Structures are given as C-alpha cells and as structure tokens.
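I'll talk you through it slowly, and please follow along as I go.

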Amino acid sequence: MVKVELKKVSKFYDKIRGVEDINLTIKDGEYLAVLGPTGAGKTSTMYLIAGLLSPTDGSILFDGEDVTSLPAEDRDVGFVFEEYNLFPRMTVESNVLFGPIVKDLDLNESKQIARELFSLLNISGKENNFPDEVSGGQKQRVALARAIVANAKLLVMDDPLRALDAKIREILQIELRNLVKELGLTCIHATHDTHESFRVADRIAVFKDGKVEQIGTPEEVYNNPKSLYVARFLGETTTIDGVIQTLNRKKFLVTEEGARIEIVTDLKDGSEVVALAPAELLDIFPVSEKSKLNYDNIHEATIIDSKCIGEFYEINLSYLNTSVKAKELIGKAVDYKENSQVLVATDKGDFRIFPKKRRRKK
Amino acid sequence: MTEIRFQHVTKIFDRKVEAVKNLSFVIEDGEYISLIGPSGCGKTTILRLFAGTILPTRGQIFFDEKAMENVSIQDRNIGFVFQHFAIFPHMTTWENVAYSPTVKGKSKAEIESLVEAALKSVQLCDKADLFPATLTAPDWQKTALARVLASEARILLLDEPLGALDQKIREEFQVFLRNLVKKEKLTAIHVTHDQSEALSISDRVAVLNKGELVQIGTPTDLLFNPNHIFTSFFVGESDFLDGIVIDDKDDLAKVRIGQRLIEVSNMAIPSGNRVAIAVRREFLKVSKIKQDKKKEELNNFLLGTVIQDQFMGILRRVRIRLENQQIIEAKIHAKHPVHFNENERVKVGINPESARCFEYPKEGISSALEM
C-alpha cells in the first residue's frame, strides 16, 4: 500500500497542455477512478504517476517521499494499458514471470504468487498457452497478473477495459475491484466510462481540459455535481431553462411559459438558471394515479416515443414544453404508448440547478 | 427490398476453422436485423457471406429465392457502411455520393437525380460541396449512407456503423438510421457489439456464439423469453443459480437451491435434473428480514448476506452472498429508500415468471459462457 500525492503537477508537451496544476491525494489502499473524455489529461496523469513521463512542474510523492525524479522501474508501480502488451512468443506464465526474473526476485516464490493470481483471476489452466490462444478478457487478466506479481504496491491502469466487449468489461470491473481490495493495493484507474468508474472506485476524479474538475465518492459527484460539465458527464440529462422565484418560502423554477417546478437552491429570486433533470429521476405514472402520488412536483406530459433498452425503458416526453428523456426500470406497470398522457413526478431535490451563463458573442 | 434466406450455411476457413456453423434463417423484406455476440462469434463472417466476398463451404444463400453462389458482389445490390467511414477524402460530399452511379455509367441527368434524392434523404443537401475534412463524424456516416442510396442498393450491410461516434451522438444517430432504413424500404443487417444499440434499433436481433445462431427474435423476446442460457447471459444482466428440479408438473416448476425451494418458469426440464436458473438482476427484490413479517409478500425467496450496496448513479447494485455461497447481484432503483449494510442478512425475492431454467452446462457455467 502506498499513499500518492500530486502537488501542483503540470505537464506540457511543447506548448500543448497535458495536465495543468493538478493537486490530488490518493489514500493508502484507495481505489481512485480518473474520469473524463478524450483529451482531458487522464493518460498524462497515469504516465506521470507511473514515472513514464516527468512533470514540467510540480512534484509527486509516494508515502510522503518525493519520487518526481525516480525512474519508473524503481517506483514499484504496476501498469496496465488499454492494449495488453503481452510478449506474443512467451507463454502466459513466462509473460507474468518476466518482471520477477528481470528484477532477480526469488523465482519459486514468484511462481507461487503467480499461481495465486491466476486462481484469483480465473485463468488457472492457461499458464502454458500463448497470448493469441486466450480471449481478450483473459489477455487483460494476464496483463494484470504481470503488473502485480513483482510486489507492486500501486496499480496504475489506463483505460484497461476499453478494448473488451461490454459483457466481459462488466465482469472484469467486479474482478478488478475485488482483486485490488483483497491485495490491499492502492489503485488509479483511468476511464472514459462513467458506469465503469462507479463500478470500481471509492472516489472519482472528474477531469476536464487537463484539470481536476471535481473529486469525491460516486455518490457525492453524482448527487452534487459542481458544474454542468460534471452533471452532463455523469448522467443522461435534459435541461430546463427558467427563473428562480420564491413563493410561501418555497423555491421554484418558473419556465418561460409560466410552469412552476419546486427545487432546492440558494440562488436569489430572478436568477436565470438551467435545471438539469437526470433521466432516471423523472418518475412516470398513469394519469389516473394522480391522487395517490406523494411528490413535490407532478406535471402532465405527453409521450413522444419509447423503447426498451435492456433493463430500462427510455421514454421521450414532451414535458413543460421541453423535450425530455426519462428512464424507467422495466417491470413497472405503465403503458408508454405514443401520444398518451402521463404524469411526471419529481421531488424538489431531483433537479440540479446551475446559474445560466450568458452566451459570449463570437 | 429483398428477402434473404440462409439455408444450412457453414463456412470453414483453412479447412479447420469453422467460423459459421449450419446457419439457417430468413430475413424478411424490409426488415432491420442486428447481429450481436462476443468477438469471434462469426458476425463479420456472416456479413462477408451476405456480400459475397466469401462463399459458403456448405449450404446456400438466397436473395428473393434466387441462389447467390454465382452472383458477384457487384450484382447483389448491396451497400456497405463501416465503422471507419471509407469515404474519399479528395472528393466533395456530392462527388462521393455520385461515385457509384458514375462508375455504373449512368447518364448525367440520372446521376444528378439519384445524388440529389440521396442527399435529401440524409439531410446533407447544404453540405454537398464540402470536403470530408470539413465535416463531422456523423456527417461522414451520412455521406456513406447517401452513397449507398445513390447506388440503388436494396440491402444495407452495417458493420459497427456507430462505433466511432460518441455516446450521445450515437443515440441520436440510431433513431436517424432506423428511420432512414424504413423510409427507403431497405433490408438492413447491422453488426454491433453493443446490445442496447441492437435492442433499440432492430425489428429482430440474432444472438450468435461460436459461429452458431443461438436465438433470433424481437428485442422483447430476447429480453423476456430467452430460450438459451447464452441469450440469458448475453442480453441483459442475469446471474445463474445452481439448482435441481424437484417438481416439473405445474406452470411453475419447483427447484431446490441449497436448502430452499423456490418456484420458477417451467422450461420442461424433468425432475431430478441439475439446472442453471437465470435470474434477471433488475427483477430481484431485496428486502430486510424483519420488514415483511406481518405480511409475507415475498414467499418465493432465497436468503443471503449483503456483501456491498454500491451506488451506481441510475441504479444501486446490491451484491449478496446466498446461503449456498453463490454470489448474485440485484439492481435496484437509486430512489429505493432502503439501504443495506455490509453483512446484513436479507431476503432475495425471485419473480417466478422471469426466472428461467436451463440444463446445467457440463463444463460449468463460467466455462460454458466463457466469462
């Protein structure tokens, strides 16, 4: 286990920014996901921590010790890339034992550790196969075993599951987290997939344009996104524009057409805002159930269309003159027929409110 | 529109690799079909068989009842759209779309009318004179589609056509693509690794594994009536419980899982057989043991201990170790008011209609499904 600190770390490639002024602490034994779109600085951050790149500015500390100028091979970091980077002409076992042999570790002991890792990762029996004889998921498990076998205390992974099929990705997400926790590793895992970050991580750092936009537990960043950017990145949302108004000590968002939605906000009356409505928090009911519902907001809406996508129905609605998307788990007894009227019920805490930015003129 | 029929089609490469095994199915006129399955399941081989770039080792392919073995790719009336756009960078949108009718030697007037109609269909008229470098990825894909339309193809083969697009744009494009195919009355075959894309875009979906057709059906069929353990595994999210059929007489069969008896859909597997019971994660009802004492709503349940109650945004996932030590996961709505603590004992309610039994695979579940 190791505690990792990045202090004011920047990396520029000539004039192009990789990351800028990153301050980040990853606790002992913590699983941190670094989340962001392409170009947000995820890979640069991974490479800097592993020592595959040196920062232009700032320092990196492991357990309080400055490792900024320590080369990668002396950092005890296991690295897993998107591509598996296995040696094609070596068997699975030789691939995994390559590190310990180069590092001149006790081979018998390393073999024993490798066997345990194979069993933890469900690849026992594949030791003598060559990489092209095992599936993509198994290749990445081999890469993982190779990263950990030589006493790594810190595991750094750059979008390790990206190349895999969705189904295998799900399974490996659970395996990864279990493995990291079982071995007590500190782990940093970069991904562009929100779902994956929720699945694996204790905390998530959301990156934007080379900077950390927000860091927190999955629940914190999801429920209290600091910016529209984070909210949009974390969930499927539609936006409703309006103005804040207080009535009977309750705060409302009033749309241009005069519809009122009760919300929670500290913003003053008259502020122009954007309300984000996460698709999964819009609850849909038949109109006949109106009297039974106990919600802060109940509005009528018209179904534009709906489709079943696995465990969800995705329903497009015309709601308060805006086209919004709702997601409902299957199994709920509502008929999502086109053009039918339904009720959309929400609680005041369901909306994320952001002050409206005035558009700059080009 | 064209009806396509595969009749016992097998394709063997290098005399040993059986990429597609004894495949028989019919795609109706104007149908939108998706092929899904893990990598190596034979999806791409099937597309190549449609196109005629490879021929079946055994079996036959018919387009509108006409055998295709001696019909070359040019004469099959097929259009392609790939993940990577394969449009000519040195030609404008208009020139790209006009390529096929020009090569076919159509008259200038015919070319113009074809290209204009195609560009109108994909809503690219205003970008006709632009070069690909100045367009966005979705517009490249629209150009590729317009090119297919202008070639007067009746069958559209799509190989991961949305693979290079960002999630949000991808969803919009799914709607656009389906509407276009329906409006132009094409028969479409769409290969994707994304099951939710397949479920939302297609009339029917074919699930493939190891070169075999596992099941073909409407999205709802696959989700609610999987007839093969692999469909249960690959479409939606299920866990597989290890049980034994005790009573197979009624509409609902009784199975024993560990020490408990529960009811599940009767899949006509005789008593005494070992089965894998697929339970859909979103249909599991997790409840605290004390809560429903007064009213035993849940009488079809297993007991277990919570490993983790994980926040996932839209959903929470509750991982539970059952009494028989199997680990399963329930998906519950983020708004579900009850939270579960680690090591808490819980009831896991099973909806009998959505729990389906399959013969227990001899090689074990994870090997059978190659997880």
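Let's start with a quick one: which residue with a positive phi follows helix 2 of chain A? That's A:Asp104, with a phi near 60°.

Before I go on, some housekeeping. This is a predicted model, where local features need pLDDT of at least 70 and side-chain atom pairs count only at pLDDT 80 or more, while totals for chains, interfaces and linings use all residues. Residues are numbered from 1 along each chain as its sequence is written, and chains are lettered from A and ligands numbered from 1 in the order in which they are written. When I say helix (H or I, at least four residues) or strand (E, at least two), I mean a DSSP run, numbered from the N terminus.

Okay, stay with helix 2 of chain A, residues 92–102. Its buried residues are A:Val92, A:Asn95, A:Val96, A:Leu97 and A:Pro100. Buried here means 20 or more other C-beta atoms within 10 Å of the residue's own; 12 or fewer is exposed, in between is partly exposed, and the C-beta atoms are placed from the backbone. And what do those buried residues pack against? Helix 3 (107–120) and helix 4 (136–149) of chain A.

Let's look at that helix 4 partner. In general, two packed helices are described by the angle between their axes and the distance between the axes. For helix 2 and helix 4 of chain A, the angle is about 25° and the axes are 8 Å apart. The axes are lines fitted to C-alpha atoms, for helices over the stretch in contact, and angles run from 0 to 180 degrees between N-to-C directions. So helix 2 of chain A is roughly parallel to helix 4 of chain A; under 35 degrees counts as roughly parallel, over 145 as roughly antiparallel, 65 to 115 as roughly perpendicular, and the rest as oblique. The crossing of helix 2 over helix 4 in chain A is right-handed, which is the name used if the near helix is turned clockwise from the far one by less than a right angle, with left-handed for anticlockwise.

Who's touching whom? On the helix 2 side of chain A we have A:Val92, A:Asn95, A:Val96, A:Phe98, A:Gly99 and A:Pro100, and on the helix 4 side A:Val142, A:Ala145, A:Arg146 and A:Val149. Contact means C-beta atoms, placed from the backbone, within 7 Å. This contact has 7 nonpolar, 2 polar and 1 charged residues. For those classes, Ala, Val, Leu, Ile, Met, Phe, Trp, Tyr, Cys and Pro are nonpolar, Asp, Glu, Lys and Arg are charged, and the others, Gly among them, are polar.

One more stop in chain A: A:Lys290, in the loop between strand 15 (283–286) and strand 16 (297–309). Is it buried or exposed? A:Lys290 counts as exposed because it has 12 C-beta neighbours inside 10 Å. Leaving out residues up to four places away in sequence, A:Lys290 touches A:Ile298 and A:Leu343. Its C-alpha also sits 9.4 Å from that of A:Ala345, 55 residues apart along the chain.

Now over to chain B. Chain B has 9 helices and 20 strands, and 42% of its 371 residues count as buried. Its C-alpha atoms fill a box of roughly 80 × 45 × 35 Å along the principal axes.

Chain B has its own helix pair to show you. Helix 2 (residues 93–103) and helix 4 (residues 137–150) of chain B pack at about 30°, axes 8 Å apart, and are therefore roughly parallel to each other. Their crossing is right-handed, and the contact residues divide into 6 nonpolar, 4 polar and 1 charged.

Next, find the open sheet in chain B: 6 strands in the order 6-7-8-3-9-10, with mixed pairing. Strands pair if DSSP finds at least two bridges between them. Strand 6 (78–82) and strand 10 (212–217) of chain B are at the edges with a single partner strand each, so one side of each has no neighbour in the sheet. The twist averages 20° from one strand to the next. Inside the sheet, strand 3 (residues 32–36) and strand 8 (residues 187–191) of chain B pair in the parallel sense over 4 bridges, and B:Tyr32 stands opposite B:Ala188.

Technical notes
Two residues are in contact if their C-beta atoms, placed from the backbone, lie within 7 Å.
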